[in-house]
Amino acid sequence: MSGVLTSGRRYRILNLVDDLSREGLASEVDFSLPARRAIQALEEIGLERSFPKSIVVDNGPEFRSRALDEWVYRRGIVLDFIEPGKPMQNPFVESYNGRMRDECLNQHWFREIGEARSTITEYREDYNEVRPHGALGLTRSDRSRGNGVVWI
C-alpha cells in the first residue's frame with residue numbers, strides 16, 4: 001500500500017496478516033521498504049510466534065529479491081506468489097488493506113512519517129483487539145479465551 005503526506009511525499013506500507021486468525025501482525029511504514037525491511041518484520045514475527053510454512057505475496061520487488069529468497073530458503077518457508085494483477089488470490093491481506101485505506105488512511109492527513117506510523121499502529125491494534133472480525137465473528141479477546149479458534 002501507499003499513502004501521501006501533506007507535503008505530497010509518498011510513503012509505503014507493508015501489512016503482514018495471518019490468514020487464519022485475520023490478525024494484522026505488523027505494519028511497516030516508511031518512504032522505502034526494501035526486502036531487508038520485510039525480512040526484519042518477518043523474522044521478528046517468526047521468533048515471537050513461529051515461522052509459517054508458506055507466505056502468500058504479490059510480485060513487488062521486495063518479494064522478488066535475492067535476500068528474501070535466501071531468507072525463506074534458510075527458514076524452510078515457501079513463497080507463494082499470486083499471479084500478477086490478481087489481488088483476489090490474496091483476499092485476507094487485500095481485505096485488510098481496503099479496510100485500512102477506508103477507516104484509517106482516508107480519515108487522516110499526515111504531516112510527517114512518524115504521525116503515519118503512530119496512527120497506523122493504533123489502527124492495527126484497534127483492528128486486532130477491539131473490533132469483531134466479520135468472517136470469524138470474534139474479537140481477539142474471544143479467540144484468546146479458547147472459543148474454538150486456534151491462535152497461531
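## Burial and surface

Of the 152 residues in the chain, 40% are buried, a term denoting under 20% relative accessible area, with exposed meaning over 50% and partly exposed lying in between (1.4 Å probe, protein chains only). The model is predicted, and local features need pLDDT of at least 70, side-chain atom pairs count only at pLDDT 80 or more, while totals for chains, interfaces and linings use all residues. Residues are numbered from 1 along each chain as its sequence is written, and side-chain values use heavy atoms, leaving out hydrogens and water.

The accessible surface of the chain is about 8,900 Å², with 49% belonging to carbon and sulfur atoms; areas come from the Shrake-Rupley method with a 1.4 Å probe.

## Secondary structure and contacts

The chain has 5 helices and 5 strands, arranged from the N terminus as β-β-β-α-β-α-β-α-α-α. Helices (H or I, at least four residues) and strands (E, at least two) are DSSP runs, numbered from the N terminus.

Contacts are defined by heavy atoms within 4.5 Å. Among those between residues at least 6 apart in sequence, 53% join residues at least 24 apart.

## Nonpolar cores

A nonpolar core is a set of buried Ala, Val, Leu, Ile, Met, Phe, Trp, Tyr and Cys residues joined through side-chain atoms within 4.5 Å. The largest one holds 17 residues, of which Leu-16, Ile-55, Leu-68 and Trp-71 touch the most other members. Two or more residues each come from β2 (10-17), α1 (35-48), β4 (54-57) and α2 (66-75), and α1 gives the largest share, 5 residues.

A second, separate core of 16 residues includes Val-93, Leu-105, Phe-110 and Tyr-123.
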